[in-house]
Amino acid sequence: MKPNYSLDDLRCFCTVARLGSFTAAATQLAMPLSTLSRRIRQLESDLQLRLLNRDAHRVMLTSTGEQYFQRSSALFEELADIDEDLHRDKQRPCGKIRISAPINAGNALLRELFYDFMQQHPSIQLDLHFSNSLIDIEAEGMDLVFRVGSPIVENWIARPLKPLHFIVCAPKDYDISHIREPEHLCGQPIILCRPMIPWQLRHQSTEQEFDFQPQKMVRLETDEIGMLSHAVIAGLGIGYIPDYFALPMIAAGKLQHVLPQWRSKARMLFMLYRDRDHLPLRVRLLIEFMLARFQQPLTA
């Protein structure tokens, strides 16, 4: 049967029963004594039960009221415990953080940072979900989200972390001396990575733009940046690789940077979170950690 009484009125009754006094209960509940008396009478009317016996000097539970109090007070004690646990959870650096991130940026840019954060905070667990699909982050219950490109999600805050560029790379032993302009890429063996087609290049000084649409000499097509990079390293052709993947391999002598004055337009890596004011401490700590780390230059 659907209840036809107010839970707030029930809370008032439990307070009177626990303190044994309307006056003390009204003080604790911060309401006028007349309002409290009216609400108890309304509860008894709604339940069609007499819960309290009152006289000028004291308040006593009826037999029915005693049963009702014993069963109902446990509910409010449980609610109080839940409230206390949740507030403690907000103040202590512990618990689980659910995170969504794109696969490639997650592996190359974020993975080591996640490990460092966990070393600093051993009571915090990370639940990582790497995917290139635009999942429903609210339905999936995410606490923190990393995205590349347009980050617009209603009621979520987006903080820019790092601009990302694609650059042209060749195998370490490939002769690139004759590739001085983007047009010279025509006729070269090419490795493609979907969906980054065409290669949208912009000169860093002149801002001249050139879209290279490979049609001939395509040796391999893939949708995975790790395989793209390995195919270029293996000598199969020239590739269009994210700088966060490519620059460490160029520094290590595994790749050559082709057309170093040309690169793609920036695509920003964003960090998204739900609000500023009600974040659990564990999430706030990770946000602050990431913002501090991305102020540092990316190193090989």
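Helices (H or I, at least four residues) and strands (E, at least two) are DSSP runs numbered from the N terminus. The model is predicted, with local features requiring pLDDT of at least 70 and side-chain atom pairs counted only at pLDDT 80 or more, whereas totals for chains, interfaces and linings use all residues. Residues are numbered from 1 along each chain as its sequence is written, and side-chain values use heavy atoms, with hydrogens and water left out.

An open sheet of 5 strands has the order β11-β8-β12-β7-β13, with mixed pairing; two strands pair if DSSP finds at least two bridges between them. Because β11 (218-222) and β13 (255-258) stand at the edges with a single partner strand each, one side of each is left without a neighbour in the sheet. From one strand to the next, the twist averages 35°. Strand β7 (residues 166-171) pairs with β13 in the antiparallel sense over 4 bridges, and Leu-255 in β13 is the bridge partner of Pro-171.

Strands β9 (residues 199-203) and β10 run antiparallel and are joined by 4 bridges. Arg-202 stands opposite Glu-209 in β10. The hairpin of β9 and β10 has 5 residues between the strands, and Glu-207 there takes a positive phi near 60°.

Notes: Axes fitted to C-alpha atoms, helices over the stretch in contact; angles between N-to-C directions.
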